[in-house]
Amino acid sequence: MKEKKEVYLSGAMGCYAPDDPYPEKWREEVEKLINVPVIGDCQPGLECFNPTKFYNYGARKEKTQREIMLYEFQRIENESDILLVNLKDLNKSIGTSDEILLAWRLNKPIIGFYEECPLEEELPDRIHPFKLCQISRIECGAGALKRAVDYVREYYGKV
């Protein structure tokens, strides 16, 4: 049995300019929140996999996009237990859509957050219905990232 469950941090990257810090910024925030000890629980039982630390989409050190895809899919399939997905710009990121589908096919929990969507009722206008069916839970509006992380910690953080 694994000592900690791995949370794969999924979300659009390639659609942003190489100097845009957004893809790294939200993932770093999640890493900090995941690793904050809970009172009476020094070991949250979770660790993050942050793909921006493995592939710098602006540097283009990989030989092909296929290399990135295969590595990330293998990580989701073999190492990750939970997919935490930022739904901002999902319609611009086929990779994020594929990661959701793969995790769903593998019966892994998929927790989404969408801070730019203020109301859950607006999700069908912003997210394809197939994706809405594949995602276990979605937090919307201001503070959605923190609520999604809190949910992951509460329901999946105990090993």
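Student: How many helices and strands does the chain have?
Tutor: This is a predicted model: local features need pLDDT of at least 70, side-chain atom pairs count only at pLDDT 80 or more, and totals for chains, interfaces and linings use all residues. Residues are numbered from 1 along each chain as its sequence is written, and side-chain values use heavy atoms, without hydrogens or water. Elements are DSSP runs numbered from the N terminus: helices are H or I with at least four residues, strands are E with at least two. On that basis the count is six helices and five strands.

Student: What share of the chain is buried?
Tutor: Buried means under 20% relative accessible area, exposed means over 50%, and partly exposed lies in between (1.4 Å probe, protein chains only). The chain has 159 residues, and the buried share of them is 46%.

Student: What percentage of the contacts with a separation of 6 or more joins residues 24 or more positions apart?
Tutor: A contact means heavy atoms within 4.5 Å. Of the contacts in the chain with a separation of 6 or more, the part from residues 24 or more positions apart is 71%.

Student: Now helix packing. How are α2 and α3 oriented to each other?
Tutor: Axes are lines fitted to C-alpha atoms, for helices over the stretch in contact, and angles run from 0 to 180 degrees between N-to-C directions. The axes of α2 (residues 65-78) and α3 (residues 94-105) come within 10 Å and cross at roughly 30°. Angles under 35 degrees count as roughly parallel, over 145 as roughly antiparallel, 65 to 115 as roughly perpendicular, and the rest as oblique. So α2 and α3 are roughly parallel.

Student: Which residues of α3 meet α2, and what is the make-up of the contact by class?
Tutor: Glu72, Phe73 and Ile76 in α2 meet Asp98, Glu99, Leu102 and Ala103 in α3. Ala, Val, Leu, Ile, Met, Phe, Trp, Tyr, Cys and Pro count as nonpolar, Asp, Glu, Lys and Arg as charged, and the others, Gly among them, as polar. The make-up is four nonpolar, no polar and three charged residues.

Student: What is the orientation of α1 and α6?
Tutor: The axes of α1 (residues 22-34) and α6 come within 10 Å and cross at roughly 40°. Therefore α1 and α6 are oblique.

Student: How many nonpolar, polar and charged residues are in the contact of α1 with α6?
Tutor: From α1 come Trp26, Glu29, Val30, Leu33 and Ile34, which meet Leu145, Lys146, Val149, Val152 and Arg153 in α6. By class, that gives seven nonpolar, no polar and three charged residues.

Student: On to the aromatic pairs. Are the rings of tyrosine 151 and tyrosine 155 stacked, edge-to-face or tilted?
Tutor: Rings of Phe, Tyr and Trp (its six-membered ring) pair if their centres lie within 6.5 Å; planes under 30 degrees apart count as stacked, over 60 as edge-to-face and the rest as tilted. The structure holds six such pairs. In the pair of tyrosine 151 and tyrosine 155, the ring centres are 4.6 Å apart and the planes lie at 35°, so the pair is tilted.

Student: Is tyrosine 155 buried or exposed?
Tutor: Tyrosine 151 and tyrosine 155 both lie in α6 (residues 144-156), four residues apart, about one turn of the helix. Tyrosine 151 counts as buried at 15% relative accessibility. Tyrosine 155 has a relative accessible area of 52%, so tyrosine 155 is exposed.

Student: What is the phi of aspartate 89?
Tutor: Aspartate 89 sits in the loop between β3 (82-86) and α3. Aspartate 89 is buried, with a relative accessible area of 15%. Most residues other than glycine have a negative phi. Aspartate 89 has a positive value, near 65°.

Student: How far apart in space are serine 80 and tyrosine 8?
Tutor: Serine 80 lies in the loop between α2 and β3 and is buried at 2% relative accessible area. Leaving aside neighbours within four places in sequence, serine 80 is in contact with Glu6, Tyr8, Arg75 and Lys108. Serine 80 and tyrosine 8 are 72 residues apart in sequence, yet their C-alpha to C-alpha distance is 5.9 Å.
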